[in-house]
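Q: I have a structure open here and would like to talk it through with you. Can we take it piece by piece?

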Amino acid sequence: MERDSKLKTFVENIKFPLLAILLSFLIGALFIIWTGNNPLVAYGALLSGSLGGLDRFGQTLLKTTPLIFTGLAVSFAFRCGLFNIGAEGQYVIGALTTVAAGYIFNSIFGDLPRFIFIPLVMLAGALGGALWAAIAGFLKSKLGVHEVITTIMLNYTSIHVSNFFVRTALNPSTLEGTTQKAYTVLLPESARLTQLKEIIPWFGYSSVHTGIFIAIICAIIAYFILFKTTLGYEIRSVGQNSHAAEYGGISVSKNLVLAMIISGMFAGLAGATQVAGLNYKVDMAPISPGYGFTGIAVALVGKNHPLGVLASALLFGILSNGARRMQIEGIPKEVVGIIQGIIIIFIAGERIIKFVSEIRERRNRKCNVEGVN
Amino acid sequence: MLSIIIAVVASALRLATPLIFASLGGVFSERSGVVNIALEGIMINGAFFSILTTEFTDSPWLGVLVAAIVGILTSLILAFLAVHLKADQVVTGVAINLLSASFTAFLLEIVWHRSGQTDPVENAIRAKPLPLINKIPIIGDLTSQLTPFVYLAILAVIVSYYVLYKTPFGLRVRAVGEHPRAADTVGINVYKIRYICVMISGALAGIAGSALSLGAISLFREGMTAGKGFIALAAMIFGKWHPVGAFLACLFFGFTEAIQIQASTLGLGFIPSEFLQIIPYVATILALAGVVGRAVAPAADGVPYEKGER
């Protein structure tokens, strides 16, 4: 009986996102036809490019990894009623502190064993992101400044802050006496995550790394915090009705800051794993990588549930990796961006469906009245 | 030295121009109670379609008009979802931004068969010395470096101020943004006002985009707005949701950018360029935090209005 109702709510929950995805692909197909291509061929390329073979799937998982983190970041904040548009900036700062920690620990302690060094740099990335998010959380809880505006402003600030350190304090020219470079010093070898192809050769050319497991573990941790702890209960209460929560003795301001900090930790880890698993450095970045904004889409499609985020991050990973294959087939990869945008529009306008059914109802009623007459 | 100062002032005015249009757009939308994060996306659409139109019709002013129309069409997505369907305005804005960035890049490939950027259009809107005025010593030098967009932007500020503060329509807009229920009670159509304001916002942001492409580098480049829409949003907040305030904030932000570009000529090379670049963002956060005169949003900003709800 209870299981039945659980299944029912599950179906009820995923029904709408699935419909939104389906509709978006249908509209995307129109754009593909516009380019003079066959949508079936295009979507076939998309799927085979992202799932056909372990090497391609590995590359899809590589793209999925940061999206799980940013998706978790956005959805965790959402649960507390906060809209963290700043995952982007927290990612940038997290990546920066990861490289900084790698250099600092390495120069103090020399070569650390991996099982110590990797957790250390991950922690540094998480703390960097948390600190950056805490600014917005603090301003919200103490001064009532809307987090949407502060996190947007902090996104752009973060890029310039990062560029400043890449250009100066963390540049190889400062630390290693080389010529000026457009990137930071490299992360020491023993702080880097293992790429899966080193263990399983079938992953071929793909660069998927153990960060994917850290991401999955984080999703489970987020689930546990949200649904199995007092902190999670309080955060969700504040998110659902902050006045009622306050009345019930829950400190709204404390939970707002905490939710923002935890959210920032996830986004910071996105930067940390990207640095430790793939790039090993931070580049001068005039434009941001966009994981934070895609993270919003991931969170919305995943219904702000950590396990839903896992599934929707994979979807967006498939889209982003498959886009390359579509490009090879001669279809502009921007189609994928268009599909992503339309998915969010449908999710945002959940009432579109309701709206359409209302019109239909009204028309039916009208028909009935006319029938009576 | 004088010529350097004139160059900096002119460059500041040119850089501020797209921001002025877009932030005025923000003022209209948010004064009526609709948060417009989509300025960035509307701008990129305006930037693209103004170049597209000019390329094929050879008429840049038609390009500006089309940019405004495309801006209105884009803003209708926001209006429909946010006003009609009461969708989350921020989420909708984010979606429009993502969609517009991809859509323009997509059209770039369809029309020009390449990615990155278009060719420069021959007939762009460029700086022109004004007759008579260019004979006046300093002002003549300055004005000869300004495009017509600059004057148009200043005109837009005056008109916006007049409309919002001196007309019955403006009073209605502000009433709807502060207390939609009270406005509704006295017979103001809240939905209609919000629709109109979001559309004005779209037109202005579209023109802002054309000022960025047609009025500056004569071509369209993928992602060329590069956060300008958000700086305009920041200017609107820093200017306390007031047309003149937003205008002054845009000038201030334009100056910081101009100084940053000219830093070495001005002998300011010792200031890290990043410090100057973060000024608009940090200033906005400080303004919101109340450090430099508290900025307070219209009371009903971002709140969907449900008729007949208590």
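Q: Which helix of chain B is B:R181 found in?
A: In this model, which is predicted, B:R181 is found in helix α8 of chain B, which covers residues 180–185.

Q: And why is B:R181 classed as partly exposed?
A: Because B:R181 has 15 other C-beta atoms within 10 Å, whereas a residue needs 20 or more to be buried and 12 or fewer to be exposed.

Q: How far is B:R181 from B:A300?
A: Their C-alpha atoms are separated by 9.9 Å, although the two residues lie 119 apart along the chain.

Q: New topic: what about the largest nonpolar core, how many residues has it?
A: That core has 216 residues, and A:I344, B:F21 and B:A235 are those with the most contacts inside it. Helix α9 of chain B, residues 190–217, contributes the largest share of this core, with 16 residues.

Q: What does B:A235 touch, leaving out residues up to four places away in sequence?
A: On that basis B:A235 touches B:L19, B:S23, B:A246, B:A249, B:C250 and B:F253.

Q: How many residues does each chain put into the contact?
A: The contact takes 36 residues from chain A and 36 residues from chain B. On the side of chain A that touches chain B, α6(A) gives the most, with eleven residues, and the residues of that side divide into 25 nonpolar, nine polar and two charged.

Q: What confidence does the predictor give?
A: The complex is given an ipTM of 0.85 and a pTM of 0.89, while chain B averages a pLDDT of 88, with 98% of its residues scoring at least 70.

Notes: Residues numbered from 1 in each chain as written. Chains lettered and ligands numbered in written order. Predicted model: local features only at pLDDT ≥ 70, side-chain atom pairs only at ≥ 80, totals over all residues. pLDDT = per-residue confidence, 0-100. Core = buried A, V, L, I, M, F, W, Y, C linked by C-beta atoms within 7 Å. Helix = DSSP H or I, 4+ residues; strand = E, 2+ residues; numbered from the N terminus. Contact = placed C-beta atoms within 7 Å. Nonpolar A, V, L, I, M, F, W, Y, C, P; charged D, E, K, R; others polar.
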